[in-house]
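Thanks for passing this one along.

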Amino acid sequence: MRVPLSMTTTMAGYLAKKSMSDKKFSLVMMLEPLHTCNLTCTGCGRIREYKSTINEILTVEECMAAVDECGTPIVSICGGEPLIYPEIGRLTSEILARKKHVYLCTNGMFIKKRLREFKPTSRLFFNVHLDGLEKTHDICVERDGVFREAIEGIKAAKAAGFLVASNTTIYKETDIEEIAELFAYLQTLGVDGHMISPAYSYAAVMTKEIFMSRDEIREKFQQASALLERYNIVTSPIYMEYLRGERELMCTAWGNPTFNPRGWKGPCYLMTDVHHKTYNDLLEKTDWDKYGRGRDPRCEDCMVHAGYEASAVIGGNKKFGDTWKMLKWTISGKMGGIVKNDKAGNGSRPSNGKGYGDGHGNGHANGHSAPPSADKQENELRIL
């Protein structure tokens, strides 16, 4: 399976129920208990957009009231850096107690420190953001050493029995071959899946030249499909078709609503015109026909998962065979990477044959291959 069976069955039941009763409903709730972060990533607008309220924080009770109000089967805990949140363990535990699935989106630097606050379950993923190999990623997040710490966090989580996914943003100058090399390495660590999405030009982001036009996104993802789909990509095939320019989709901005210390963010995860007090206010008081390509200039080159992955899943612009395509995609994936540890602590080689081990499957003493050297990227780095 590409994702845990429990997630597939939960989402299928939820979709069947909602599609018969509600015209607009959400799939994934984006929960931001705080916006504080230990990094200043070049492509992130959150710490800049919420600069004046950066110290505001939600209580666990406020978070849970919003989770219950929204009712989505999946909650993505993001921010900010959620592992800075003082009660992240209790918050996650209470969401899981509702039989929901959680993606804990993190830069990975505090996984080892806070791992004891969590228990492994098929309903919880650590979702670690990595935008390239060591040199590229550390430049993107504007701090040396972040890649190495994130990798140590991934190793610790996998050793403790947790599910781990990677999350990669594709920018204008992203080297897709480098991302393929990154995924090959992550496979040797047992990473369970990989998310990819094009970057979006936040109003709060000052470095605009890193973002792509609609045509550039299509060209980039045509290349990405050819190189990356050998791995357990958890970006849906219909959304990937849209990114490659093979079909059109309309944005389902309400599909991934965001709740943070200011309220329900409207109209979407990426744009802020107003903060609503309630989820129902977000749905009912937002003029959704004002937003989307051809309606709002801010939407013109946006093709990100927060708006379009929901469209792919719900069935916007549905084509014959889409249901079978999604089913085949779901059952054809394989979680857990390619790591095969034996009693001697030996790990397997990456599947692309680049040989981060010694050729006989031997990596570090902990059974995992070494990451590609930062020096190797010196002449390959194009981003920023």
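The points below go through the core, the helix packing and a few backbone details.

1. **Ground rules.** This is a predicted model, in which local features need pLDDT of at least 70 and side-chain atom pairs count only at pLDDT 80 or more, while totals for chains, interfaces and linings use all residues. Residues are numbered from 1 along each chain as its sequence is written, and side-chain values use heavy atoms, with hydrogens and water left out.

2. **The core.** The largest nonpolar core holds 100 residues, and L31, L91 and L186 have the most contacts inside it. A nonpolar core here is a set of buried Ala, Val, Leu, Ile, Met, Phe, Trp, Tyr and Cys residues joined through side-chain atoms within 4.5 Å. Buried means under 20% relative accessible area, exposed over 50%, and partly exposed in between, with a 1.4 Å probe and protein chains only. In soluble globular proteins, nonpolar side chains tend to be buried together.

3. **L31.** Look for this residue in strand 1 (residues 28–31). Helices (H or I, at least four residues) and strands (E, at least two) are DSSP runs, numbered from the N terminus. L31 has a relative accessible area of 0%, so it counts as buried. Leaving aside neighbours within four places in sequence, L31 is in contact (heavy atoms within 4.5 Å) with L58, C63, V67, V75, S76, I77, C78, L91, I95 and F259. L31 and P82 are 51 residues apart in sequence, yet their C-alpha atoms are 9.5 Å apart in space.

4. **Helix 3 with helix 4.** Two packed helices are described by the angle between their axes and the distance between the axes. For helix 3 (residues 60–70) and helix 4 (residues 88–97), the axes come within 10 Å and cross at roughly 25°, which means that helix 3 is roughly parallel to helix 4. Axes are lines fitted to C-alpha atoms, for helices over the stretch in contact, and angles run from 0 to 180 degrees between N-to-C directions. Angles under 35 degrees count as roughly parallel, over 145 as roughly antiparallel, 65 to 115 as roughly perpendicular and the rest as oblique. On the helix 3 side the contact is made by V60, E61, C63, M64 and V67, and on the helix 4 side by R90, L91, E94 and I95. By class, that gives six nonpolar, no polar and three charged residues. The classes put Ala, Val, Leu, Ile, Met, Phe, Trp, Tyr, Cys and Pro as nonpolar, Asp, Glu, Lys and Arg as charged, and the others, Gly among them, as polar.

5. **Helix 8 with helix 9.** Helix 8 packs against helix 9 (residues 214–228) at an angle of about 30°, with the axes 9 Å apart, so helix 8 is roughly parallel to helix 9. I176, E177, I179, A180 and F183 of helix 8 meet K220, Q223, A224, L227 and L228 of helix 9. This contact has seven nonpolar, one polar and two charged residues.

6. F183, in helix 8, counts as buried at 0% relative accessibility. Not counting residues up to four places away in sequence, F183 touches S166, T168, H194, I196, L228, Y231 and I233. With the same exclusion, L186 touches L130, I151, I154, S166, V191 and H194.

7. **Helix 7 with helix 8.** These axes come within 11 Å and cross at roughly 35°. F147, I151, I154 and K155 in helix 7 meet L182, Y185 and L186 in helix 8. The contact divides into six nonpolar, no polar and one charged residue.

8. **Backbone details to check.** A cis peptide bond joins G79 and G80, with omega about 20°, and G80 lies in the loop between strand 2 (74–77) and helix 4. The bond from G266 to P267 is also cis, with omega near 10°, and P267 lies in strand 8 (residues 263–267). K99 has a positive phi near 65° and is exposed, with a relative accessible area of 57%. E142 also has phi near 65°, and is partly exposed at 43% relative accessibility.
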